[in-house]
Amino acid sequence: MVLRESPFTNRFLSGLYSLGQYLLFPSYWATDCLLDLRETTAEQQQNRCRPCPLRALVTGPLLLLLLLLSMPVALLGLLLWLPLQAARRPFAYKHTAPSRHPEPWELPGTGKAFSFVSANVCLLPDGLAKNSNLGQMKQRVARIGQHLTQGEASASLASPRSSQFDREEGAGPGEISASFPPDVDFLCLQEVFDQQAGARLCQLLSPFYEHIVYDVGTYGLNGCCTLKVLNSGLFLASHYPVLAAQYHCYPNGIREDALSAKGLLSVQVQLGEAQGQRIVGYLNCTHLHAPAGYSTCYGAHAQIRFDQLTMGLSWVQLFQDAHAQQGDVVAFDVFCGDFNFDNCSSGDKLEQTHIIFRQYQDPCRVGPRQDKPWAIGTLLNYLEIYEEAVSTPEKLKRTLEQEEGRRKYLACPILQDGCPDPSAAGSPWEGRRIDYILYREHPAPISLTTEVEKFSFITQLAGCSDHVAVGLRLLLNPAPQ
């Protein structure tokens, strides 16, 4: 099956949809600029040298006037935009001619390694990104695209693409790295909420990734019980052909999360052939419900995430049952994303015992409330992300290699009400690891053994995101007969 690139079946519907977006844009832009008047820590430091106290007083009323004047046009756009959601497939797909093809994999034969990266890139409209102490979305998306493709550009000098590697004897699987791996096969991103940022990121990555699924999610009221003004934020890039893709929206988001179409993206990719049968892999990317700060009802947020994981597992199974063919060799089944809970906080104990950790393996985890010694947190203290010690990937890497640095710059464990846990101060500090890459094996006609070759905590997005990216490299070998 070949995926259609456009979310619409014909150009007429696509044109009407674009017209609706153009009519909505002035109101959208004015609202974003109003929210963007709040300053980040970096902007406050810059403005100490050249203060401009009248900026908000002058610009704010002008933007508010523009917003009011644009409302009639926005209403026309909304009346056109909302009904078209029923005709829109909940994702767009981009296919480009590859600069180099993946090395063919045939079984029985030698093993092969696959590399995965999951990262929350916080590409929201500027006004909303200020909640994470981030701004300048256009500049950040350019830097993120450059960081994500630096390794690919260097790897493109080697042809054909190879997944073989040399493993150091006795080396452990965990590492803190200042750069992305040089040859990432699958890239799973979260919080690519801004459509312009998603389109720009797609443009930057397409010379290096042949298959990209982006603008994932439903808008308006289509398939949801509340109005969705943002998509899911999910974005997937692959070197290997995408055979099928499916998205589901979580129906139980509340508060600000109810305005975004957070959900699960499931993708089936073709990796090679085994005695005339397909070798396939499954990738499942998600972003679970985010808590709204300190709250007496933090337990309700935990239950929402728990239920979303349960729904996600059900949707994964339905997707795989629908798209499997007899004789398929399933090389990997990966479940990754920003789960918004960790394995060290007493406040996240409900999610820590979810059945997903019995169905999938977490390379960083020993059991509930216990991670492996080399695992560290992935959520940064957003108030500190512009400090000199964490301003570059190399500095952030050196900082996180020291426990003192982790205590200051990684978010601390939390209690059931979402407040910091004071009892964590005296224990070895790991921080909140809320970004995951899980995997599981499948029985197949040709049995494969899976080995974790490397798990990376990647600091290259320093200054671009409030998360540390994670990477996983799996080695797949045919089992001895």
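Reader: Why does R473 count as buried?

Author: The relative accessibility of R473 is 17%. Buried means under 20% relative accessible area, exposed over 50% and partly exposed in between, with a 1.4 Å probe and protein chains only. The value of R473 therefore places this residue in the buried class. This is a predicted model, in which local features need pLDDT of at least 70 and side-chain atom pairs count only at pLDDT 80 or more, while totals for chains, interfaces and linings use all residues. Residues are numbered from 1 along each chain as its sequence is written, and side-chain values use heavy atoms, with hydrogens and water left out.

Reader: What makes E453 and R473 a salt bridge?

Author: A salt bridge requires a side-chain nitrogen of Lys or Arg within 4 Å of a carboxyl oxygen of Asp or Glu. The closest N and O atoms of E453 and R473 are 3.6 Å apart, so the pair meets the criterion. E453 is buried as well, with a relative accessible area of 10%. E453 belongs to strand β15 (residues 448-458) and R473 to strand β16 (residues 469-478), so the bridge ties together parts that are 20 residues apart in sequence. Helices (H or I, at least four residues) and strands (E, at least two) are DSSP runs, numbered from the N terminus.

Reader: Which residues do salt bridges that share partners join into one network?

Author: The network consists of R305, D342, D348, E351 and R432. The structure holds 13 salt bridges. One of them joins the side chains of R432 and D348 at 2.9 Å, N to O. R432 is in the loop between α11 (403-409) and β14 (435-440), and D348 in the loop between β11 (329-338) and α8 (349-352), so this pair ties together parts that are 84 residues apart in sequence. Both partners are buried: the relative accessible area is 8% for R432 and 0% for D348.

Reader: How do you know that the buried residues of α6 line one face of the helix?

Author: In α6 (residues 195-205), the buried residues are A197, G198, L201, C202 and L205. Seen down the axis of α6, these residues fall within an arc of 135°, so they line one face. The arc is that of the directions from the helix axis to the C-beta atoms. In general, an α-helix has 3.6 residues a turn, so residues three or four places apart point the same way.

Reader: Why are β1 and β4 called edge strands?

Author: Two strands pair if DSSP finds at least two bridges between them. The open sheet of eight strands has the order β1-β6-β7-β5-β3-β16-β15-β4, with mixed pairing. β1 (92-95) and β4 (174-177) each pair on one side only, and are therefore the edge strands.

Reader: Which residues is V269 in contact with, leaving aside its neighbours within four places in sequence?

Author: Contact means heavy atoms within 4.5 Å. By this criterion V269 is in contact with F186, S238, Y240, P241, V242, L243, I279, V280, G281, L283 and F332. V269 lies in strand β9 (residues 263-274) and is buried, with a relative accessible area of 0%.
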